Amino acid sequence: MKQVIRPEGVYPPTADFSQAIRVSGGDLVFVSGIIGMRSDGSMPANTREQVELAFENLAKVLDASGATPADVVKVNVFVGESFSLVRDDLRGIRARYFTHDFPVSTLVQVAGFASPDYRFEIEAIAAVAPRPSVE
């Protein structure tokens with residue numbers, strides 16, 4: 001269902017991500033942008049805590065969709081400050097959720113989010129086994 005593509009003649013990934021993934025024979029789960037907000041609506045003040053919480057929230061949303069982080073084929077990551085300031089924290093936290101056959105990934109530094117309290121956001125696409133049809 002999920003085949004990691006490792007093309008010859010192209011530079012290797014510069015971090016833990018795949019350059020391409022081919023998906024077949026399954027359903028896709030599209031996850032909206034997930035932020036580091038607690039269930040009570042409060043936000044941690046620092047970026048590292050928001051990254052940690054955003055990944056926890058992503059895992060919960062995936063679980064509710066019948067997926068796991070291992071099923072993720074694409075992530076878009078948005079940071080609100082210089083990547084060099086959050087790189088090590090982000091890579092360490094991400095490595096706990098994506099351990100092999102890494103998803104394809106895009107990271108963008110943004111000028112702002114929907115709220116000035118937000119410092120990080122992640123969205124994902126997962127490929128899962130098809131659910132039986134309900135008749």
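Start by showing contacts (heavy atoms within 4.5 Å). Among those in the protein chain between residues at least 6 apart in sequence, 75% join residues at least 24 apart. Before you click further, know that this is a predicted model, where local features need pLDDT of at least 70, side-chain atom pairs count only at pLDDT 80 or more, and totals for chains, interfaces and linings use all residues. Residues are numbered from 1 along each chain as its sequence is written, and side-chain values use heavy atoms, with hydrogens and water left out.

**Cartoon view.** Trace the chain and the order reads β-β-β-α-β-α-β-β. The C-alpha trace spans about 50 × 40 × 25 Å along its principal axes.

**Into the core.** Of the 135 residues, 35% count as buried, meaning under 20% relative accessible area with a 1.4 Å probe, protein chains only. Which residues touch the most other members of the largest nonpolar core? Select F55, L58, F120 and I122, out of 24 residues in that core. A nonpolar core here is a set of buried Ala, Val, Leu, Ile, Met, Phe, Trp, Tyr and Cys residues joined through side-chain atoms within 4.5 Å. Now colour β3 (27–35), α1 (47–64), β4 (72–79), α2 (83–97) and β6 (120–128): each supplies at least two residues of this core. Apart from it lies another core, of five residues, including V4, I21, V73 and V104. In soluble globular proteins, nonpolar side chains tend to be buried together.

Zoom in on F55. Leaving out residues up to four places away in sequence, F55 touches L90, I93, R94, Y97, F98, F120 and I122.

**Next stop: Q50.** You'll find Q50 in helix α1. Is Q50 buried or exposed? Q50 is buried, because its relative accessible area is 0%. Beyond residues up to four places away in sequence, the neighbours that Q50 touches are G36, M43, P44, D117, Y118, R119 and F120.

**Last stop: G36.** Hop to G36, in the loop between β3 and α1. G36 has 0% relative accessibility, so it counts as buried. Select E56 too: 20 residues separate the pair along the chain, yet their C-alpha atoms are 8.4 Å apart. Again not counting residues up to four places away in sequence, G36 touches M43, P44, Q50, L53, A54, N57 and F120.

Methods:
Helices (H or I, at least four residues) and strands (E, at least two) are DSSP runs, numbered from the N terminus. Buried means under 20% relative accessible area, exposed over 50%, partly exposed in between (1.4 Å probe, protein chains only).
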